[in-house]
Amino acid sequence: GTFAALYDGKVVSNVETTRYFTIPPVKVAAKPKRYRNGFFAGSNTGVYDDRAAMRAFAEMASAAGADWFIDENPTSSEVSEIYRAAGIAVQTPHVNGVRDGYHVDGNPHGLPEKGRPEEDRFVPRDPKAHRDFPGAICPLSVTEERPYFVTNTVPRLARILKGCDGLWTNWEPFGYVGQGCLCDRCRADFGRTIGRPDLPADEWWNGTRMGGTYYDRYRDYRGKMLGGVLKTLDRHLRRELGATFSHGLIPGVCWCEMGGYGAANDYPPEAKERHYAGDMAWMNPWGPYPCWMLDGAFAGAEGFNAIYHFVAKDVRAQVDRDYPAAKRPKLVAFPHGSQTDEWITEPEWIGLGLDAFFFNRWEASVVYFFPKGYDARYWRAFAEATDRAAKYEDFVWDGRRCDGEVTLRTPGFNKVFKGTFDKYLPDVRDVSLVQHVAYEKDGRMIVAVFNFADATDAAVEIAAAGFEPAAGSVPAARCRVFELRRK
């Protein structure tokens, strides 16, 4: 075919010739059995009125290694049936009306639920302070499992989620900072927690303001109540969905809340995940989101995507410290794909993100959002990372982590990310763009080497006591796994 630029109907450029051809299918050798990669479908992607087209898309995604699918605002159980038939095992839709602290009904932003009793509604200090107050609930209406919640809210969500494994919820109650339900039942309940069961209304109203006598205790109380809402909703969803192992409710919170910064700084001051995460089957510490703006020239800081490795390592270590094995939620990551039609990520960064979370022992990764269309480069990066997970998952889950026993040299490669990535990783500073993770199992060692440089290959030399040395090149923006054997 030919193409040229036209202006007012006239050719104003060279006429160029191009050749079209079919790209070979993107297909994994095998899917991992103990870890899953998946994708969060962006708007108008993956769910189509043409069911044949949707089946073809699901089969393509499954062949590329996808094993977890999150649909934006599910429309029918037929969608999950199509994806499950294509071989994608886990379906956990996003229901927009279950989100951000005081919303559980499954209704869109800010809409009050018709028929909800007045005593079950959120009573704000200032009704005009937040657009979503009209649709908010009194948390006690959920934790006390009042009739409307049990006979209306739970069945409605069960109908929406029919055939699914759970529900992902965006849990960012930042709009409610300093705000809590001020109804009389909440007043009595808070009064009991501080030994004042007959707390007067004016003392309750004034003492719980920012800076008030009870504010600190009230803030902690609010956090525990929000945790109670999540735990109650999760328990009902798992029962209603009836899966052999339901994923239940999966709260999506900023990664910094579950990392070392959150633990050291008691962050965030309210709505802490530690009030409920130990009762969840899964948690989604989303982010970070290294990307660049599509509406301008590429201006990303080279190596910023290395933050994936350090966040994955930090959160994994903190969650392991905070929760004993019996109470430890599994972690599903959200490496960045695209958002808002402007935040965009190149394919190689997606592959590196998936690799970083897998080799740092997260149980799953779902690219957010992805891919908003078909682009073989993105699916190929996705498939390559999935193949690595399938090949090395036994090392990661059964092996002994031994990063510190490996000496890794990068002769001629001196690229460094200057300064710190983020205020939430204050101790990570001036790091090399080549990083590694190592595991030893049954007399063998693997060393996963990440090269976060945009366009510079890295020659690496690897040594570990008792093992044969290894050397080779790690291409720019890629992960390569070296296998070492005992001497």
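A search of the whole structure finds zero disulfides, a disulfide being a pair of cysteine sulfur atoms within 2.5 Å. In general terms, a disulfide is a covalent bond between the sulfur atoms of two cysteines. Cys-183 is buried, with 9% relative accessibility, whereas Cys-291 is partly exposed at 23%; buried means under 20% relative accessible area, exposed over 50%, and partly exposed in between, with a 1.4 Å probe and protein chains only.

The model is predicted, so that local features need pLDDT of at least 70 and side-chain atom pairs count only at pLDDT 80 or more, while totals for chains, interfaces and linings use all residues. Residues are numbered from 1 along each chain as its sequence is written, and side-chain values use heavy atoms, with hydrogens and water left out.

The loop between α11 (347-359) and β15 (364-367) holds Glu-363; helices (H or I, at least four residues) and strands (E, at least two) are DSSP runs numbered from the N terminus. Glu-363 is buried, with a relative accessible area of 14%. Its side chain reaches the backbone nitrogen of Leu-331 at 2.8 Å. Glu-363 also touches several residues, including Arg-34, Trp-282, Arg-316 and Trp-397, not counting residues up to four places away in sequence; contact means heavy atoms within 4.5 Å. Arg-361 is found in the loop between α11 and β15. Arg-361 has a phi near 70°, a positive value in a residue other than glycine, and is partly exposed at 22%.

Another positive phi, of about 55°, belongs to Ala-477, which is not a glycine. Ala-477 lies in the loop between β23 (470-474) and β24 (478-485) and is buried, with 6% relative accessibility.

Two loops contain cis peptide bonds. The bond from Tyr-267 to Pro-268 is cis, with omega near -10°, and Pro-268 is in the loop between α9 (260-264) and β10 (282-286). The bond from Gly-287 to Pro-288 is also cis, with omega near -5°, and Pro-288 lies in the loop between β10 and β11 (292-293).

Methods. A polar contact is a pair of N or O atoms within 3.5 Å; within protein, one must be able to donate a hydrogen and the other to accept it, and residues adjacent in sequence count only if both atoms are side-chain atoms.
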